[in-house]
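Hello,

Here is the structure for you to look over. My notes on it follow below.

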Amino acid sequence: MFPRARRHHLIVQELDRELLVYDEERHRAHRLNESSSLVWRLCDGERSIDDITRLVTAALDAPMDREVVWLVLARLEEAHLLDQALLRPPAIGAISRREAIAMGLAGAAALLEGCGVDSVTAPSPRAASAPVDSALSSSARVSPMADPSPGPSPFPSLEPSPSPSPSPSPSPSPSPPPPANCEGDHPASQAINKKTCVQKKSNKDAEKKTAENQTQGDAKEEAQGFADQECKKLNCGDEKKANCVRKGVGYKLRFDGCTVDAAATTCPVPSLPPRPIGANEVAYTCTWTVVQISCTCKQS
């Protein structure tokens, strides 16, 4: 079993060592404690349950049993935060968190702290203006499987997209209307800076190439999110009038190079807390720029 975390139509915000996740499709807000957020971030579709258990144990510096990781995954599945259904062992679904603690399963207490995965429905329009923390601390908590009621987002202070907002161009011009065939390419400007650490070598060009390769995947993922947002505005923003239906989004990403970050003291680690830079390592900041996006549409 290789669980994969759901990434689409979610707004994610870090709060101390917890994660606040808002589901735009179901109008649900979920709060993940430290252990649950680590498990969710490690679900990349390539790591097994044993891999996730080992990495969470190392990150928390505390033992965590495989059965407890299964309990976390079951809660994430109920909250619709996984891409696919779990084929969980029969015994897992029958064990509650408190029973896991009573059985002495390592890591169960960390899961129970903060309730692991807390969920609330979207508030009324009046309640939506309240701060995020007060909405989540409400006593009216419901099961993640209950049908949500449509309503405004409970995150009025968050940006509409988890990806960084595009930098405005010096002389912005109005977005052109959709072409007759609902297709077109448009210039874009979005700087994406990614940091990584590589082993020191005598060949500096080899170091930079390694840094480029290590940051390329994350840059592409961020560029795709930016292209999705811009495509909605530039190509199919008036779909009803133009009879357009969006069917594809593309982008062009330019690599601008990597430079040594002499002031850096930690290395970023995907899905885990940063670690100190090693004696034989050097930190690089690599810059990528989205220079063009395209949206392909069809006439409805």
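**Contacts of E77**

Apart from neighbours within four places in sequence, E77 has contacts with L82, A85, L86 and R88. The model is a predicted one, so please read the distances here as computed from its coordinates. E77 is part of helix α3, which spans residues 66-78. For L86 there is a further detail: its backbone nitrogen is 3.0 Å from a polar atom of the E77 side chain. P3 is 74 residues from E77 in sequence, while the C-alpha atoms of P3 and E77 are 9.8 Å apart in space.

**Confidence**

The protein has a mean pLDDT of 73, with 64% of its residues at 70 or more. Residues 124-161 have pLDDT below 50, and this stretch makes 62 contacts in the model beyond near neighbours in sequence. Another stretch, residues 177-181, also stays under 50; the model gives it 5 contacts beyond four places in sequence.

**Helix α1 and W40**

The buried ones are S35, S36, S37, L38, V39, W40 and L42. W40 also has a charge over its ring: the charged end of R7 sits there, 4.8 Å from the ring centre.

**Salt bridges**

The structure contains 15 salt bridges. R6 counts as buried at 8% relative accessibility, and D23 is buried with a relative accessible area of 0%. R6 and D23 also belong to a network of salt bridges that includes E25 and R26.

The side chains of E222 and K194 form another salt bridge, again given as 2.8 Å, N to O. E222 is in helix α7 (residues 204-234) and K194 is in strand β5 (residues 183-199), so the pair ties together parts that lie 28 residues apart in sequence. E222 has 17% relative accessibility and therefore counts as buried, the limit being under 20%.

The salt bridge between the side chains of D261 and K195 has an N to O distance of 3.3 Å. Here the linked parts are 66 residues apart: D261 is in the loop between β6 and β7 (266-269), and K195 is in strand β5. D261 is partly exposed, with a relative accessible area of 22%. K195 counts as partly exposed too, at 37% relative accessibility.

**Aromatic pair**

How many aromatic pairs does a search of the whole structure find? The search finds 1. The pair consists of F255 and W288, with ring centres 4.7 Å apart and planes at 50°, so the pair is tilted. F255 belongs to strand β6 (residues 244-260) and W288 to strand β9 (residues 281-299), so parts 33 residues apart in sequence are tied together by the pair. As for accessibility, F255 counts as partly exposed at 29%, whereas W288 counts as buried at 3%.

Regards

Conventions: Residues are numbered from 1 along each chain as its sequence is written. This is a predicted model: local features need pLDDT of at least 70, side-chain atom pairs count only at pLDDT 80 or more; totals for chains, interfaces and linings use all residues. Side-chain values use heavy atoms; hydrogens and water are left out. pLDDT is the predictor's confidence in each residue, from 0 to 100. Contact means heavy atoms within 4.5 Å. Buried means under 20% relative accessible area, exposed over 50%, partly exposed in between (1.4 Å probe, protein chains only). Helices (H or I, at least four residues) and strands (E, at least two) are DSSP runs, numbered from the N terminus. Rings of Phe, Tyr and Trp (its six-membered ring) pair if their centres lie within 6.5 Å; planes under 30 degrees apart count as stacked, over 60 as edge-to-face and the rest as tilted. A charge sits over a ring if NZ of Lys or CZ of Arg is within 6 Å of the ring centre and within 35 degrees of the ring normal. A polar contact is a pair of N or O atoms within 3.5 Å; within protein, one must be able to donate a hydrogen and the other to accept it, and residues adjacent in sequence count only if both atoms are side-chain atoms. A salt bridge is a side-chain nitrogen of Lys or Arg within 4 Å of a carboxyl oxygen of Asp or Glu.
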